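Me: Hi! Could you walk me through one strand and its neighbours in this model?
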Amino acid sequence: MAGFRSLSPGLRALQPEAFGADPSGERLARIRRSPHFKDGVFQNPGGIGARIRPSGSGLDIAKAFLDKDTRPRRSPSGPIPVHPTTLADLARPPATGLRLTWMGHSSVLAEIDGHRVLFDPVWGERCSPFPFAGPKRLHPAPLPLAALGPVDVVVISHDHYDHLDLPSVKALAGTDTLFAVPLGVGAHLEHWGVSADRIRELDWHEATRVGGLTLTATPARHFCGRGLRNTQHTLWASWVVAGDEHRIFHSGDTGYFDGFKDIGAAYGPFDATMIQIGAYSDLWPDIHMTPEEGLRAHLDLQGGPGGAILPIHWATFNLAMHPWSDPGEGSLAAARAAGTRIALPRPGEPFEPAAETVPCEPWWRAVAIAPAGGWPDVPPEAKAKAMADTVRDISTGAAEDGGTPEVVPAG
């Protein structure tokens, strides 16, 4: 069947461990039985063929990444302010029963109704199969993965390097945590030392129970792939996590599609949504959302403006041609225009979506190059708080990290 040709033994011996493993046996048979698998590959929602390859040539993309006029705005002008997350931050139970801590990119610790869920943990220095090349972190992780404490379940959205991170998985493989992953992704985890009895592998609209939580894999519009071949043989997903009192949604990577309304109708509304709003481009409009599309997806999921949106998939890795701070600016503007509650924490800053206030100051402006027309106005009290917090977090982060991180465009 197309899409499942195995590599020769010689090539398998040479490939990096981070490439993972192809599904086989009963896992492969289950993939072939999926209603979302056709002609040897997984299909996007509705059978619509999302364009997963960038338009334009590789040379055109390289020129855009290396453009001397726009390149300076694609990285911060100084250390990104990272909240120095402490054990005290995480040891105290959330007063409302729900607390989110954005660790950068799409990594979020969700403390929900007495349980701890870790989405797309990426603590590695590069989202790449190689330790010496590929996009490098723009800021350090807010705290070591080992300092996070016990986690009930790790949720993976898909198998791209900036969501399924070999160093993080190997560190978590030595714990008791369970993994909830889309179909096929379990092959990578087992290859890296996670026992099969700790893996819950789901197709879209399948659910699993972990303690008092119900985790449901829901559709997304994206693609998969590690290694030299992109065979579309592992699924990608968004996720719904429901506890006794709260519900949350994590988009993973996705283009905008009408299915958000269906997900909201079936599983919502949500106390908070974590929505991808970064690494977008006109060259790949079908697989990543702009901030405006992300806000639209949030409203679709909620059936209105209820709940808080946490923008994710930005500020940690340089994966597109837009200025690194544009996803934050665009999300803030879109949420204000729609009258939607938005949380914009610094990496590592815990917040409770239902609290009286959530962090929403444009902290990135202190280390981003201002646009030609200057930054839009913010209320004076918010500006003062943002500057004070940013100075504190930059000082702490610089002392701990010891320098400005290297920026490497995505290959």
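Me: How many residues of strand S13 are buried?
Reply: Five of the five residues in S13 (residues 272-276) are buried, so the strand is mostly covered. Buried means under 20% relative accessible area with a 1.4 Å probe, protein chains only. Strands are DSSP runs of E, at least two residues, and helices are runs of H or I, at least four, numbered from the N terminus. This is a predicted model, where local features need pLDDT of at least 70, side-chain atom pairs count only at pLDDT 80 or more, and totals for chains, interfaces and linings use all residues. Residues are numbered from 1 along each chain as its sequence is written, and side-chain values use heavy atoms, without hydrogens and water.

Me: Which residues sit on each face of S13?
Reply: Ala272, Met274 and Gln276 are on one side, with Thr273 and Ile275 on the other, and both faces are covered.

Me: Which residue of S13 is the bridge partner of His250?
Reply: That's Met274. S12 (residues 247-250) runs parallel to S13, with three bridges; pairing takes at least two DSSP bridges. From S12 the chain passes through helix H7 (residues 259-267) to S13 in a right-handed β-α-β crossover. Right-handed means that, with the strands pointing away from the viewer, the path from the first strand over the helix to the second runs clockwise.

Me: And what joins S13 to S14?
Reply: Five bridges, again in parallel, to S14 (residues 308-312). Among the pairs, Thr273 partners Ile309.

Me: Switching topic, what's the average pLDDT?
Reply: The protein chain averages 88, and 86% of the residues score at least 70. pLDDT is the predictor's confidence in each residue, from 0 to 100.

Technical notes
Buried means under 20% relative accessible area, exposed over 50%, partly exposed in between (1.4 Å probe, protein chains only).
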